[in-house]
Amino acid sequence: MNSPDSDVLILGAGVIGLSCALHLLRAGVGVRVLEQGAPGCGASHGNCGTITPSHAAPLAMPGTFGVALRSMLRADAPLYLNPRFDGPRLRWLLGFARHCNWRDFARAAQARSAILQRSRALLGELVRAEGLDCEFAEEGELYVYRTAAQLAADLRHHADVLDRLGVAVERLDGAAVEAREPALKPGVAGGLFHPGDARLRPDRYVAELARRVRELGGAIETDARIGRIEAEAGRVARVRTTRGDFAGGRVVMALGAWSPLLGRQLGLRLPMQPGKGYSITYARPRLAPRHALVLREAAVCVTTWSSGYRLGSTMEFSGYAEGLNRTRLDALRRGAAQGLREPEGPEVLEEWWGWRPMSVDEVPIIGPSTRLANLHLATAHGMLGVSMSAATGELVAAQLTGAAPAIDPAPYAPARFGL
């Protein structure tokens, strides 16, 4: 090997891989992290940075698949399915359609809520204990509705679900929403406030995680593009990269949307697809929202930090198509303009796209492989990688060290897919 073996070799230095590394180091385990670019260069970089126990409900429910099919006619739809033929994407969509029922919805919501609530509690402790400078704020998140119809739908399929899961949600009338958030245009029908949600600047959070991993003795190999993952005798034997060959007593795959592509080399068929998201980052406007917002009809997320301001969201299923889609960015701008007095900042700092790792059942895949003795998976967190990161790191560290897990690992086990 060009580099020494590691106790644990982690593939991917996004928010999930670095969270796993940090928790393992805190447990006294040596780690080496391989990153194909720079830490946090994927979906961890440009998301809206909200920490959201409120997002327990999955996208899959009766009616969603029909919405996705109709979206093929609207390239600017919040949920957009590109009409071009793609075999792996088609198989994933058919599997997703099978999960669009109330039984699977309830099961996924319960699993997502458990890891989201644990992660939310851990993250505040982690930021304070490790001194992570990432503009963390515990001010809640506000869903804003301009139509009674959308509000009524979300009261049934969002607020009532959170009530059953024990996640706090406050119902507000339009006047109360406008009084709480002066940045909004008048004409608000109502709102849902999630006091347990928080926000941070995700690129700074990932940079701070990388800093602490190195300070605690972990190694991060950047620009180590993976060419081949090789297995021998039922174990991951080595990972060949542009920076040399690496091995570990245990190997954690935390490659986000790239996991199914590299998993194939090990004979693993991960039921995942990239869900492409977009964001626009601005210099902070004069009249910036006080809270993180979701403008529900437009499906636009709005996050304000002292260092900037971001519009984000949308979900585009276009396979592994790269690049910015101007139609999607323009939809973010239009959606913000419908709801905000000052929808854009004085200067555009970045236009971004990234692939979210979407599992077919919208529950992350975390745990030991049933196929390879030393392989652990930590992937498929969808739109909630930052929100689930702390609890994922804690769970992986517990599983690899034999400690008692803080949450039931069964709902996330790779074994449910024969992995």
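Entry one, the helix pair. I found that helix 1 and helix 8 cross in a left-handed way. Left-handed means the near helix is turned anticlockwise from the far one by less than a right angle. Val15, Leu18, Ser19, Ala21, Leu22 and Leu25 of helix 1 touch Tyr205, Val206, Leu209, Ala210, Arg212 and Val213 of helix 8; contact means heavy atoms within 4.5 Å. The axes of helix 1 (residues 15-26) and helix 8 (residues 202-215) come within 9 Å and cross at roughly 35°. I noted that axes are lines fitted to C-alpha atoms over the stretch in contact, with angles from 0 to 180 degrees between N-to-C directions. Helices are DSSP runs of H or I with at least four residues, and strands are runs of E with at least two, numbered from the N terminus.

Entry two, the source. This is a predicted model, where local features need pLDDT of at least 70 and side-chain atom pairs need 80 or more, while totals for chains, interfaces and linings use all residues. Residues are numbered from 1 along each chain, and side-chain values use heavy atoms, without hydrogens and water.

Most residues other than glycine have a negative phi. Glu135 has a positive phi of about 60°, and I located Glu135 in the loop between helix 5 (102-130) and strand 5 (141-145). Asp223 has a positive phi of about 55°, in the loop between strand 9 (219-221) and strand 10 (226-232).

Is Glu135 buried or exposed? Glu135 is buried, at 17% relative accessible area. Asp223 is exposed, at 52%. Buried means under 20%, exposed over 50%, and partly exposed in between (1.4 Å probe, protein chains only).
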